[in-house]
Amino acid sequence: MFSSYTMQKRLSRVAIYVVLVALALFFLYPAVFMLVLSLQPDETQIAADMGTIFSVIPRTISLENFVNVFERVNFGRAFLNSIFIVGMIIGLGMIVNSMIAYALARMRWAGRNVVLGIIVALIIIPFEAVAVPLLLLTNRLGWLDSYHVQIIPFVANPLHIFLFYQFFIGLPKEIEEAALVDGASRFRVYWQIIVPLSGPVFATVAILGFLAQWGQFLWPLMVTRGETFRPLPVAMQTFYGQAPFLWGDRLAFAVMMTLPTVIVFLIFQKWFVQSVASSGVKG
Amino acid sequence: MAVQAKTQGSGWKNDGVLAWVFSAPAIILLLVFLIIPFFMAIGLAFTNQPLVPNLNLPTQFVGLRNFVNLFGDATFHKALTNNFLFALVVVPLQTSLALLLAVLVNQNLRFIKVFRTIYFTPVTITMVVVSVIWLLLYDASPEGAINNVVHIMTFGAVDAQNWLGNKLLVWPAIMLLSIWQGVGFQMVIYLAGLQSIPVELYEAAQVDGANALQQFFGITIPQLRNTTIFIVISTTIFAFGLFTQVMIMTTGGPGDATNTTIFYAFMQGFRQGKIGYGSAITVIYFLIVLCISLTQRFFMREERAVE
């Protein structure tokens, strides 16, 4: 609000729009470049066009590269693997993390403060710090090259527990207490009162989880071997290094990997922005 | 009254068991997949544990040998230095760009939401894809996109460069795409911070005759203190976790030029199967992250104390 008032006074609107558009070009160019060149089936034309205006205005519109990708690799498999793995992490995570958060926010039990303190401390540990021993551990369990090795370690998430906890302690207690006095079980209260009231925090956790998990690369690179359980980022890397080295095909792969997430983002934009904003509200 | 007390009493007793039932799945998962591996990392760092068990060479406690070796490991030094340099350049650049973008899109102008959307979109593109796109953008031939842009912008003074094959240029190249992908995230956090500043502060400043610049440095920057600390710290931690771009674009090269701490831990712990040595690297990585996080708590606490 302030900025609109003073900025307009200080700088002309035109100057602001010039800056806005210049920045927009910087952020858009690589994405448009990928999309436009993925439609060009002629590899020598890509090499000739990539530094020219024809990297943003399509010379030809052909889906040949996309067909090539499907002929060369099992793209659908990798895509469904990613959807399944990320979906399971988010789905199971929402149940597991919100349940412990509810116990921490509403129930009185010995050990509550200790558990809460430990969970807050655990937020600091980045996944990279435990990746190597986790590889040894899951290898010993015989879990390598599977779905569960990519799902189960990521279900419980200290940051998500904390976000749920913060939201739950802000909810009014009256309805819950009334339900408890009426003899409803704790589980029913959680499922029929708390969960329906907590849409925003579930959306936040789902979106933050999606942004973090969809691009996961280090872990699946270590624990998957073949095509069967491989998610998109590793499939993209493998495809990149696979002969024939055709940029058209690589970019078509990249477009197919990107379009669904960008479309989902454009539809649920408001939620994305709110979720990211709330991840920063601390202290 | 008595009845109510009794209900509460029995409810409390039930809660004790029930609370553990509600918490058990998360606690067990965190224990097995986060807490135990964390202590394993510390323990394994003092052993010569291999990834694949070797019957002829049982795992032994080697004391501080891994850390002594790391101390004299030139590649590790290079990797660590690279992370520090990356953070030193990217953190201030990305933080200030994020603030600039946030201030720009916080204005009440037509189409402003479109610009906000455009600036945020790269955040939703996976880093692996971003790395592949920029690999082509950085193409070393004179026809390369970045080469062309630079050629035009310098009026032909700068010729085609091998961005990813040149030890001096490879870091700015990786930094640029990292900022491109990540800055929208911080922009949105700053935007939330900007919108939570009370309008009265600006109104009062205007009455006192403060200009836009004075208001920005006198009100906006101090009010965003905690947001800035959060962004600086989380970007720094992110900078120390740098892996994907390097793995896809340069595999640590040319030479050791783009080796990073996590890339080196991956190569040692996974590719070479040296779990002990890899764990020692991640322990040092964790200690660095811990120091950065404690810095955050220190500064944020100080802020509260002042208030």
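Visitor: What do the numbers and letters refer to?

Guide: Residues are numbered from 1 along each chain as its sequence is written, and chains are lettered from A in the order in which they are written. As the model is predicted, local features need pLDDT of at least 70 and side-chain atom pairs count only at pLDDT 80 or more, while totals for chains, interfaces and linings use all residues.

Visitor: How many residues has the largest nonpolar core?

Guide: A nonpolar core is a set of buried Ala, Val, Leu, Ile, Met, Phe, Trp, Tyr and Cys residues joined through C-beta atoms within 7 Å. Buried requires 20 or more other C-beta atoms within 10 Å of the residue's own, with C-beta atoms placed from the backbone. Here the largest such core has 159 residues, and Ile100(A), Met236(A), Ala254(A) and Met187(B) have the most contacts inside it. Helix H5 (residues 75-106) of chain A gives the most to this core, 14 residues; helices are DSSP runs of H or I, at least four residues, numbered from the N terminus.

Visitor: With which residues is Met187(B) in contact?

Guide: Contact puts two C-beta atoms, placed from the backbone, within 7 Å. Beyond its neighbours within four places in sequence, Met187(B) touches Ala98(B), Leu101(B), Ala102(B), Tyr119(B) and Phe120(B).

Visitor: How many residues are in contact between chain A and chain B?

Guide: By that criterion, 83 residues of chain A meet 85 of chain B.

Visitor: At what angle do H8 and H9 of chain B pack?

Guide: Axes are lines fitted to C-alpha atoms over the stretch in contact, with angles from 0 to 180 degrees between N-to-C directions. Helix H8 (residues 199-207) and helix H9 (residues 212-223) of chain B pack at about 145°, axes 11 Å apart. Leu201(B), Tyr202(B) and Ala205(B) of H8(B) make the contact with Gln215(B), Gly218(B) and Ile219(B) of H9(B).

Conventions:
Buried ≥ 20, exposed ≤ 12 C-beta atoms within 10 Å, placed from the backbone. Helix = DSSP H or I, 4+ residues; strand = E, 2+ residues; numbered from the N terminus.
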